[in-house]
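Student: Hi! Could we go through this one together? I have a few quick questions.
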Amino acid sequence: MSLRLRLTLFAALLVGVVLFLAGLALRQGVARVLQAALDRSLQEALALAQPLVSEEDGHLRLGGEGEVVRELPGDLGLLLYQGNVPVGGLGQAPPVRPAPREGCFAQGEWRFCGQRVEGGLLLAGRPLAGLEGSLAALDRVLLWVGPAAFLLASLLGYLLLGHALAPVHRLTAAARTRAQAATPDPLPLPQARDELRTLAEAFNALLEALAQALERERRFTQDAAHELRTPLTVLLGRLEQAEEENQDPRLAPRLAQARRGAERLLRLAEDLLRLARAESPAGLRREVLDLRAVAREVAEDLEPLFAARGVALEVRLPLEPLWVLGDKAALALAVRNLLDNALKFAPQGRVLLLLRREGERALLAVEDQGPGFPEAALPHLFQRFYQAQEEHRRMGSGLGLALVRAVAQGHGGGVWAENRPEGGARVGFWLPLEGG
């Protein structure tokens with residue numbers, strides 16, 4: 001469930017509770033107002049009816065003639081008590097005769113008000129049907145207006161929350177774009193100076209710190225690889241010279257082993273240096289070039305190696321050129337690493353180098369007929385020094401695919417790796433076309 005929907009439901013719940021409490025308070029308030037109006041009408045009727053009370057021979061009597069009677073409400077009932085005994089009545093008779101008492105009270109379906117008169121008590125009463133009818137009408141209105149107001153508030157809340165959360169969606173989209181491109185560019189700041197802007201500023205500070213840490217790591221890698229390359233080259237030269245001048249057959253295997261170790265270290269230093277340059281924006285020289293030509297040249301250079309291993313190298317290139325803005329040497333190195341990997345880890349059958357256009361992107365992939373990758377290894381193949389299997393460590397440094405990713409992302413593209421359903425693996429990268 002999205003945050004927008006959760007907030008809408010929470011706000012709708014609050015609105016529903018407020019509407020319920022407001023409706024309940026309104027009904028109680030209206031009931032009190034109507035009851036107070038009814039009580040006032042009864043007290044006014046008592047004041048008008050007092051002249052109708054008379055006494056003859058010690059007995060109270062309630063007269064029923066004159067202008068006063070015509071001014072009384074039609075549904076009014078008057079009761080005259082002497083002691084606790086009713087001695088007279090006027091108007092509509094209540095269904096249940098109430099006990100005489102002062103003040104206003106309800107009994108059954110009637111409302112009564114009592115007032116002392118000379119020698120007795122006069123009660124005025126009216127039915128509660130009018131008041132209850134008004135409250136029933138109010139209940140019907142609330143039953144329609146309440147749900148309608150609840151739905152309208154929920155809809156408006158959903159729309160307003162969508163507008164309020166729009167900066168969050170923009171920040172999310174910008175963060176995803178930077179994550180896919182692996183660029184630490186700052187996130188766009190919302191115009192409103194609110195909590196979202198503070199959050200975006202905090203993320204930008206974090207991105208800047210990460211960018212600085214990555215730059216320090218890249219510089220360290222580049223400097224270390226650069227400093228190691230010269231002494232390793234000298235060491236390799238001396239080991240080769242020692243092999244040539246060696247006359248002791250017992251030392252020959254050890255010298256050969258030392259030379260191979262020095263060669264691996266030199267290749268590792270060169271790979272680290274290339275990777276550091278590929279990860280640096282300033283390390284790529286941009287020019288408009290045809291990616292077909294780059295792929296064809298690399299395939300022609302490596303074809304003798306494939307032939308020597310007995311592996312067929314098939315190249316499928318499109319008829320039209322695929323123009324990209326990039327560094328020719330870096331792109332050639334990425335293609336070479338993909339083909340090298342296929343030749344190392346799938347040394348049988350056929351290897352296919354495929355280049356095609358898909359929308360505004362150029363896709364380059366290398367397919368082999370080897371054993372493929374373990375499924376658990378697929379998300380980690382492009383990490384530095386990662387080896388899908390332990391036995392692969394003696395066949396490479398684990399930097400080849402990391403360099404492919406650095407080159408692709410440095411050109412605004414991306415990489416992917418997957419196992420083919422018919423067997424083997426497919427590894428490649430994509431680049432945006434120039435003008436796309």
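This is a predicted model: local features need pLDDT of at least 70, side-chain atom pairs count only at pLDDT 80 or more; totals for chains, interfaces and linings use all residues.
Student: Which helix does Leu155 lie in?
Tutor: Leu155 belongs to helix α3.
Student: Which residues of α3 are buried, then?
Tutor: Those are Leu131, Leu135, Leu138, Ser154, Gly157, Leu161 and Gly162.
Student: What span should α3 have, and how far apart are its ends?
Tutor: Helix α3 has 36 residues, 129–164, so at 1.5 Å a residue it should span 52 Å. Its end C-alpha atoms are 50 Å apart, which agrees.
Student: Back to the surface: which residues form the nonpolar patch?
Tutor: Met1, Leu5, Leu9, Leu152, Leu155, Leu156, Tyr158, Leu159 and Leu160, with about 900 Å² of accessible area together. Two or more residues come from each of α1 (3–49) and α3, and α3 gives the most, with 6 residues.
Student: New topic, the largest nonpolar core. Which residues touch the most other members?
Tutor: Leu339 and Phe429 do, out of 42 residues in that core. Helix α8 (328–345) is among the elements supplying at least two residues, and α8 gives the most, with 9 residues.
Student: What is Leu339 in contact with, leaving aside neighbours within four places in sequence?
Tutor: Val298, Ala299, Leu302, Phe306, Leu313, Val351, Leu353 and Val366. Apart from this core lies another, of 19 residues, including Leu60, Leu72, Leu76 and Cys113.

Technical notes: Residues are numbered from 1 along each chain as its sequence is written. Side-chain values use heavy atoms; hydrogens and water are left out. Helices (H or I, at least four residues) and strands (E, at least two) are DSSP runs, numbered from the N terminus. The expected span of a helix is 1.5 Å times one less than its number of residues. Buried means under 20% relative accessible area, exposed over 50%, partly exposed in between (1.4 Å probe, protein chains only). A nonpolar core is a set of buried Ala, Val, Leu, Ile, Met, Phe, Trp, Tyr and Cys residues joined through side-chain atoms within 4.5 Å. Contact means heavy atoms within 4.5 Å. Patches are made of residues with over 30% relative accessible area and no salt bridge: like charges are joined within 9 Å, nonpolar side chains (Val, Leu, Ile, Met, Phe, Trp, Tyr) within 5 Å. Accessible areas come from the Shrake-Rupley method with a 1.4 Å probe; for residues, only the protein chains shown count as cover. A salt bridge is a side-chain nitrogen of Lys or Arg within 4 Å of a carboxyl oxygen of Asp or Glu.
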